[in-house]
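This report goes through one structure chain by chain. The sequence and coordinates come first.

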Amino acid sequence: MGVLLFISVLLVAACGLIYELVAGTLASYLVGDSVFQFSTIIGTYLFAMGIGSALSRFLNRGLVYRFVWIELLLGVIGGFSSAALMLAFAFTQGFELILYAVVIIMGVLVGLEIPLLMRIVRDRYEFRDVIAHVLTFDYLGALGASLLFPILLVPRLGLVRSAMLFGIINAGVALWTTYLFSTQLSSKRGLRIACMVVLCSLGAGMLEARKITAVAEDNIYADDIIFARDTRYQHLVLTRFKDDLRLFLNSHLQFSSRDEYRYHEALIHPGLASVPTPRHVLVLGGGDGLAVREILKYPQIESITLVDLDPEMTKLFSTHPMLTKLNDKSFLSPKVHIVNADAFPWVDSNTDSFDFIVIDFPDPTNYSLGKLYTTAFYRAAARHLSAQGLMVVQSTSPMFARDSFWCIAETLKQSGMQIYPYHVYVPSFGEWGFVLAATHEYIPPTTLPGGLRFINVEGLPALFQFPPDMAPLPMPPNQLNSQILVRTYENDWKDISH
Amino acid sequence: MKVGRRKFLGAGSAALVGLSLKTDRPIAGSFVNDNFQMGHLLRDRTSFPPAKHVEKFPAVIVGGGIAGLSAAWRLRKRGFTDFVLLEMNGQAGGNARWGENEITAYPWAAHYVPVPGVKAEFVRELFEDLGILKNGQWDERVLCFAPQERLFLYGRWQEGLEPAIGLTQKDREQFQKLEDLFAKFRATGEFTIPLELGRSAKFQDLDHLSFSGWLQQQGCDSRLVNWYMNYACRDDYGALAKDTSAWAGIHYFSSREIEEKGPLTWPEGNGWITRRLLERVGEKVRTNQMVYRIAETQHGVSIFAGDTEFQAEFAIFAAPTFLAPYLIENFPRLDDFVYSPWLTANLTLERIPDSRGAEPTWDTVFLDSPTLGYVDAMHQTLRTHIERTVWTFYWALAEGTPAQNRQLLLDKDWTYWKEAILRDLERVHSDIRQCVSRIDVMRMGHAMIRPAVGSVFSQERLRFAQPRREARIFFANSDLSAISIFEEAQYHGVLAAQSALDRLHGHR
């Protein structure tokens, strides 16, 4: 009995420490500033344990009964703490409040445990032995937990399931206690049923935990997340750090509000300003409305058709005040027609012709996106060009993904167009590239709309010059049956990250 | 803050719902396109009621698979339109039939055509006619998109179907040796498609040996080499290497130029070709017309189907040749036509099953599975976002004799095959039961001709492939070549049409 009892002490101590570590780690991951987070969480937790110890004096009768309930409560709250905190972070504004509330409740419960246990066993041992044994095992448990947590639990199980595992251990100790002290309990059946319910729900939680971790743990952003949503098509996260808004789609940075004007001015004006009488413009991708904002600087344009897969994306950029401020409410212009559709089938089935086509898709990181960078796609898109028409394609970085950039250029060329590649520097992206393509010769514009911050007529020729480290490379075209671009792109970025 | 809390509570209850136990979807489905019954009526020589009507055509085509449709295509292309095609099933196409649901079109059997070489001139002519070959350039959209094939072995995926990971030195040497041998055979020009254009007696000895026997002679005892060779024979012939002629086994590897373009394929497989052919000759096609008797008469040939006697000058017999003794009067017994039984199934998937992190491919095969894996009908879609799809599952029942397996197909019910298919897929896609909403199963007792030992150079077969000068019935099925591929069916169909046209013009 003695050993079994002290093993419970060890386990209980381990659980207490794990919950504290989980809360500290989660807060550091999600909010950042780990020194601050760990200090305040440990402080709060220890303080709450003190409250628990103080409160223990008010518990007088049925100590074993109460101890079992405390273990169960702790099992549930501690076990689900990690999942609940992640969800709180993703879906509420009050993460910190919930975090400290959970830490205080857990601390109080943990603070109750050891005093109660000591009192339960005090009649069986000398006082000095009780103190010595209980505290020895308490500290041993803490050591075990603090080693297990970084070495095994976090890498193997992750935060959500680690907490649940220790919730199960808490509930296990509760169940075990009903047997260990069965003589001191009058009605055990209800307690044991409660234990089983808690054990089962935590067990089920362990099985389903991947979903929660997938949503939350994979996306660790240092900045404030002001919007995060899994739409039907992508994982959309908007962050803010001081005055810098950033959009991430599936964890890839799409723009930073500090320098997106460089990207979008460069995407639109070298091409569009050279079209003699642009009336109809097509934008493929570009659900943030920033390219459309630039296009609206040409008053003679009558219609802008924007095809973007994700209605939640275009809706967000039509309604969110911070974002409509950024895109000048471009989606609310009566000239703009938003079509939420998959681009390739849309391009195939639509028959309209356009004076300027903007192709602004995410980089070709997988075979699905790769289809939108093929000769088949560009040929289909080129059929929509009017006689004076021109198309521009965002073509990843000629610096970091040089093979990919020239592969896209070659693909456009093999699709039967003349190509005019150019590049600009966007601080948050680095050196970035575009390709203009047309079935006729491109003559750079001599005038530009007013109010541009980056592109000017004098600077244009320089954009079309490629220094040696970005100079053209002979690449094969990307085709549906080869998808060579996806592999090339993967290799290009692999080389960078090494 | 209030909104935040409500949202939080909402998320909490959503999480609780997520905790409820997963249950498998109910799976609907049945056997489809069965024609056992009609086949058995013929086999048992059931008596049919006498004909009530007579229709006259200079030419009648029996059988609406690729051979029959190709014959019709050639007749029409040559300006001859006075003919009719009789198809037993409700849908033409034979092994190139297709199905369609709200997600996609999908194949029922043949699902691709390798990029045809220069020798397959009829196939190239057809594809030029269908607009996918222009000035020697293939339409990118009908070439199989990348990534094409993957093999699941040792708990992981590899690209391509020839085992390439976990090979020992011995495995590698044997694969290399075979590759070199096949290259030499290829260089002889004896192994061609169409087969008839290259075949001479030069390698006839290989036809008297089984492919596995030949592999043994070459010292190939590697387990992986033998798995792959068996996979190839099961895939193209529905037979194990030990039941395949060595000549045919070599033909599989030596008949095509190695090219990286990948095969021509469509969501509905070769059903796409059937559709295009039907656009051209569809009004000549009569379905649900089971021909039960063909008799040569003084002036021509009479074909009986339903309550009609079709009086023709010439008939093109494009149905499987083994049916000839049951249909054609005074026809000799056939001994050298052996057919492999197959089972295919189309699985409707409400979500894409977990594939251990891999991006989907066109063709998926599992090492050491008795089945041939599956093909994804949505692979050729141009969409970037796919939520649902249809997988076509292929299973050549190659273990044991064809007769035993035909009996198995008749004996076992749909549930048996459904479970067998799911269990096979479950080894890799653990959540498959939560994704499938429907499994339709097609049983084919005589799915394809089997190039059994001795059958490529069988005298009996060669007799049918060469039409007699005075013949009124021209044979056209791919089984005349002993291998069941699109190109052979089309070749024999076109040739039979050509023979019929020559004779018709000679008459007039």
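The sections below cover domains, helix packing, the contact between the chains, and backbone geometry.

## Model and domains

The structure is a predicted model. Chain A is divided by the domain assignment into domain 1, residues 2–216, and domain 2, residues 245–497. Between the C-alpha centres of domain 1 of chain A and domain 2 of chain A the distance is 53 Å.

## Helix packing in chain A

Two packed helices are described by the angle between their axes and the distance between the axes. For α3(A) and α4(A), the axes approach within 9 Å and the crossing angle is roughly 160°. Angles over 145 degrees count as roughly antiparallel, and α3(A) and α4(A) are therefore roughly antiparallel to each other. The crossing of α3(A) past α4(A) is left-handed. Sorted by class, the residues in the contact of α3(A) with α4(A) are 22 nonpolar, 2 polar and 3 charged.

Helix α4 of chain A, residues 95–121, also packs on helix α5 of chain A, residues 127–180; their axes come within 10 Å and cross at roughly 140°. That angle makes α4(A) oblique to α5(A). The crossing of α4(A) and α5(A) is right-handed. On the α4(A) side the contact uses A:I114, A:L117, A:M118 and A:V121, which meet A:V130, A:V134 and A:D138 of α5(A). By class, the contact of α4(A) with α5(A) holds 6 nonpolar residues, no polar residues and 1 charged residue.

## Contact between chains A and B

How many residues does each chain give to the contact? Chain A contributes 32 residues and chain B contributes 24 residues. On the side of chain A that touches chain B, the elements giving two or more residues are α3 (63–91), α6 (189–216), α11 (343–349), α12 (367–370) and α13 (375–382) of chain A. The most is given by α6(A), with 5 residues. By class, this side of chain A consists of 14 nonpolar, 13 polar and 5 charged residues.

## Helix packing in chain B

In chain B, helix α3 (residues 66–77) packs with helix α9 (residues 271–281) at an angle of about 40°, and the axes are 10 Å apart. The two helices, α3(B) and α9(B), are therefore oblique to each other. The crossing of α3(B) and α9(B) is left-handed.

From α3(B), the residues B:L69, B:A72, B:W73 and B:R76 meet B:T274, B:L277, B:R280 and B:V281 of α9(B). The contact of α3(B) with α9(B) divides by class into 5 nonpolar, 1 polar and 2 charged residues.

Helix α5 of chain B covers residues 169–188, which is 20 residues. From first C-alpha to last, α5(B) reaches 29 Å, close to the 28 Å expected at 1.5 Å a residue. The residue following α5(B) is B:G189, with a positive phi near 75°.

The loop between α5 and α6 (211–217) of chain B contains B:P194. Which type of peptide bond joins B:I193 and B:P194? The bond is cis, with omega about -5°.

## Other backbone geometry in chain B

Most residues other than glycine have a negative phi, and most peptide bonds are trans. A cis peptide bond is found between B:A146 and B:P147, where omega is about -5°. B:P147 is placed in the loop between β8 (137–138) and β9 (149–153) of chain B.

B:N135 has a phi near 50°, which is a positive value in a residue other than glycine. The location of B:N135 is the loop between β7 (133–134) and β8 of chain B.

Key
Residues are numbered from 1 along each chain as its sequence is written. Chains are lettered from A and ligands numbered from 1 in the order in which they are written. This is a predicted model: local features need pLDDT of at least 70, side-chain atom pairs count only at pLDDT 80 or more; totals for chains, interfaces and linings use all residues. Two residues are in contact if their C-beta atoms, placed from the backbone, lie within 7 Å. Helices (H or I, at least four residues) and strands (E, at least two) are DSSP runs, numbered from the N terminus. Ala, Val, Leu, Ile, Met, Phe, Trp, Tyr, Cys and Pro count as nonpolar, Asp, Glu, Lys and Arg as charged, and the others, Gly among them, as polar. Axes are lines fitted to C-alpha atoms, for helices over the stretch in contact, and angles run from 0 to 180 degrees between N-to-C directions. Angles under 35 degrees count as roughly parallel, over 145 as roughly antiparallel, 65 to 115 as roughly perpendicular and the rest as oblique. A crossing is left-handed if the near helix is turned anticlockwise from the far one by less than a right angle, and right-handed if clockwise. Domain bounds come from an automatic or database domain assignment. The expected span of a helix is 1.5 Å times one less than its number of residues.
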